[in-house]
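Dear colleague,

I am handing over the structure we spoke about, and below it you will find what turned up when the side chains were examined. Please read the notes with the coordinates open beside you.

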Amino acid sequence: MPEDRPTGPARADTLSLAKGLDSDIAMVHQRFLAAMESRLPSMNANVKERYFAVLSNLVCKLEVYDKPLRDVLREIMAESAHLVLRDLAAS
């Protein structure tokens, strides 16, 4: 067993923490969906198009399950930065 992997009560605490984080993440996902669903009706078509492009790209990358999240984040930031900067400049 690797040295950095907890055992005994420490392992149980780690598993409990992970389950708690899983629950917290699921709750935030639900809040995100509710927030975006409430914003959609007031978004203009250009904003919806950009949002859809970024979100679709992110989901496609996340569906590659063997790709580390760090790599997904790097790629999505590099590919979407111009859209974010353009929107910030227009504000």
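In this model, which is a predicted one, R74 and D71 form a salt bridge in which the closest N and O atoms are 3.4 Å apart. The two residues sit three positions from each other in helix α3, so about one helical turn separates them. R74 itself counts as exposed, because its relative accessibility is 53% and the cut-off for that class is over 50%. D71, by contrast, is partly exposed, with a relative accessible area of 22%.

R70 counts as exposed, at 54% relative accessibility.

Another salt bridge joins the side chains of D87 and R50, and here the N to O distance is 3.0 Å. D87 belongs to helix α3, which covers residues 69-90, while R50 belongs to helix α2, which covers residues 45-62, so this pair ties together parts that lie 37 residues apart in sequence. With a relative accessibility of 32%, D87 is classed as partly exposed.

Beyond these pairs, K61, K67, E75 and E79 are linked to one another in a network of salt bridges. When the whole structure is searched, the number of salt bridges found is six.

One further residue may be worth a look while you have the model on screen, namely V54, which is placed in helix α2. Which residues does V54 touch, if those up to four places away in sequence are not counted? The contacts are with I76, S80 and L83. For one of these, S80, the C-alpha atom is separated from that of V54 by 6.5 Å, although the two residues are 26 residues apart along the chain.

A colleague

Key:
Residues are numbered from 1 along each chain as its sequence is written. This is a predicted model: local features need pLDDT of at least 70, side-chain atom pairs count only at pLDDT 80 or more; totals for chains, interfaces and linings use all residues. Side-chain values use heavy atoms; hydrogens and water are left out. A salt bridge is a side-chain nitrogen of Lys or Arg within 4 Å of a carboxyl oxygen of Asp or Glu. Helices (H or I, at least four residues) and strands (E, at least two) are DSSP runs, numbered from the N terminus. Buried means under 20% relative accessible area, exposed over 50%, partly exposed in between (1.4 Å probe, protein chains only). Contact means heavy atoms within 4.5 Å.
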